[in-house]
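Biologist: I am new to this structure. Please show me how to read it, one feature at a time.

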Amino acid sequence: MATGAGRAGSGKGCAMTAAPKKKLTTSAMIASIAAEGQETRPAPFGHALVAAAQADDRIVGMTADLGKYTDLHIFREAFPVRYYQMGMAEQLLFGAAAGLAHEGFVPFATTYAVFASRRAYDFIHQTIAEENLPVKIAAALPGLTSGYGPSHQAAEDLALFRAMPNMTVIDPCDALEIEQAVPAMLAHDGPVYMRLLRGRVPVVLEEYGYRFELGKAKVIRDGADVLVISSGLTTMRALEAAAVLDKDRVSVAVLHVPTIKPLDTDTILAEAAKTGRMVVVVENHTVIGGLGEAVAGTLLRNGVAPKFRHIGLPDEFLAAGALPTLHDRYGISTEAIAASIRAWL
């Protein structure tokens, strides 16, 4: 396992100190996806969970030695007796979360996406999903948001959790959407897997008057030539690429799909059926089993056949390195997305 990504220092559950008055931020150890000068908010998940927990005492926060790196340390400082640090034991984390859910609690369990999707998959499958328990999983470093190499790059997590019965899957774009997704996760009666952007997270959707709704895809901007369907951080990149292509007089619509499962097939079909537009799915995930194949299958099964293209991570173990370099190399940077669309028109 790559050691550079690190694990946070262990907390001790109930024995934590009272909450400080100062609003906490989070470590900068993991590279940010924000551009220089871009508006960001610190630890949106941690602060949103604290706000939810103030109104609902069923909420407990749990992590596998990664509180500092999943923004759950914000919750720990506010609610030390409701915080459980389970150590480097992801199977134990999710087994204990299932037990607490059986007792009427709503656990929000955090770890890295690789550890949830690969190391603890069977425990989540058998103890949480099969029982349809309200365990909410928030998993940091989704897709290519770490430069530490294959041990920390969760390029296949959406494919794995899409295949799990009863599991709702969310891939939020920015800080605003994470803040809005937390209460929606709480309200949902069942397990949820959310890809977590952590640290100083960009604010992207606020200027569009966006509001997250579980299970709903939304058109962020309209356009006549290309329809980009995206989720997560690639919606931010798609919007940036659309602005670049405007200068070439290419009109690009962006359909943001934050809920990967259940998929909003009605909105996808309605937008893809509009004549004259190439459909391009862009995702921060392997091209196998993620949003692209979910959209392609939806179109084929319903007889909708636009010109279709797919931008995603390749079916290979990805390199280590600086994130901007890796995003360019694997085609999910703003410039790479714009260049691909230009070439296909």
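**Reading the model**

Modeller: Val280 lies in strand β13, residues 278-286. Helices (H or I, at least four residues) and strands (E, at least two) are DSSP runs, numbered from the N terminus. The model is predicted: local features need pLDDT of at least 70, side-chain atom pairs count only at pLDDT 80 or more, and totals for chains, interfaces and linings use all residues. Residues are numbered from 1 along each chain as its sequence is written, and side-chain values use heavy atoms, with hydrogens and water left out.

Biologist: Is Val280 buried or exposed?

Modeller: Buried means under 20% relative accessible area, exposed over 50%, and partly exposed in between, with a 1.4 Å probe and protein chains only. Val280 has 0% relative accessibility, so Val280 counts as buried.

Biologist: Which residues is Val280 in contact with, leaving aside its neighbours within four places in sequence?

Modeller: Contact means heavy atoms within 4.5 Å. With those neighbours set aside, Val280 is in contact with Val226, Leu227, Val228, Ile229, Arg309, Ile311, Ile341 and Trp344. A separate reading uses C-alpha atoms: those of Val280 and Val295 are separated by 10.0 Å, and the two residues are 15 apart along the chain.

Biologist: Where is Phe45, and what does Phe45 touch?

Modeller: Phe45 is in helix α1. Not counting residues up to four places away in sequence, Phe45 touches Thr70, Leu72, Phe108, Thr110, Ala138, Ile178, Val182, Met194 and Leu196. Its relative accessibility is 0%, so Phe45 counts as buried. From Phe45 to Gln180 there are 135 residues in sequence, but 9.4 Å in space, C-alpha to C-alpha.

Biologist: How many residues does α1 have, and which of them are buried?

Modeller: The expected span of a helix is 1.5 Å times one less than its number of residues. Helix α1, residues 44-55, has 12 residues and reaches 17 Å from its first C-alpha to its last, close to the 16 Å expected. The buried residues in α1 are Pro44, Phe45, Gly46, Ala48, Leu49, Val50, Ala52 and Ala53.

Biologist: Next, pairs of helices. At what angle do α8 and α12 pack?

Modeller: Axes are lines fitted to C-alpha atoms, for helices over the stretch in contact, and angles run from 0 to 180 degrees between N-to-C directions. Helix α8 (residues 233-246) packs against helix α12 (residues 334-344) at about 55°, with the axes 8 Å apart. Angles under 35 degrees count as roughly parallel, over 145 as roughly antiparallel, 65 to 115 as roughly perpendicular and the rest as oblique. The pair α8 and α12 is therefore oblique.

Biologist: Which residues meet there?

Modeller: From α8 come Arg237, Glu240, Ala241, Val244 and Leu245, and they meet Thr334, Ile337, Ala338, Ile341 and Arg342 of α12. The residues of this contact divide into six nonpolar, one polar and three charged. Here Ala, Val, Leu, Ile, Met, Phe, Trp, Tyr, Cys and Pro count as nonpolar, Asp, Glu, Lys and Arg as charged, and the others, Gly among them, as polar.

Biologist: How are α3 and α5 placed relative to each other?

Modeller: Helix α3 (residues 90-102) and helix α5 (residues 121-129) have axes 9 Å apart and an angle of about 5°. They are therefore roughly parallel to each other. Gln91, Phe94, Gly95 and Ala98 in α3 meet Phe123, Ile124, Thr127 and Ile128 in α5. This contact has five nonpolar, three polar and no charged residues.

Biologist: And how do α9 and α10 cross?

Modeller: The axes of α9 (residues 265-272) and α10 (residues 291-301) come within 10 Å and cross at roughly 70°. The two helices are therefore roughly perpendicular. In α9, Thr265, Ile268, Leu269 and Ala272 meet Val295, Thr298 and Leu299 in α10.

Biologist: What should I look for in the backbone?

Modeller: Most residues other than glycine have a negative phi, and most peptide bonds are trans. The peptide bond from Lys261 to Pro262 is cis, with omega near 0°. Pro262 is found in the loop between β12 (259-261) and α9.

Biologist: Which phi value does Asn132 have?

Modeller: Asn132 has a positive phi of about 55°, although it is not a glycine. Asn132 sits in the loop between α5 and β5 (136-140). Its relative accessible area is 35%, so Asn132 is partly exposed.
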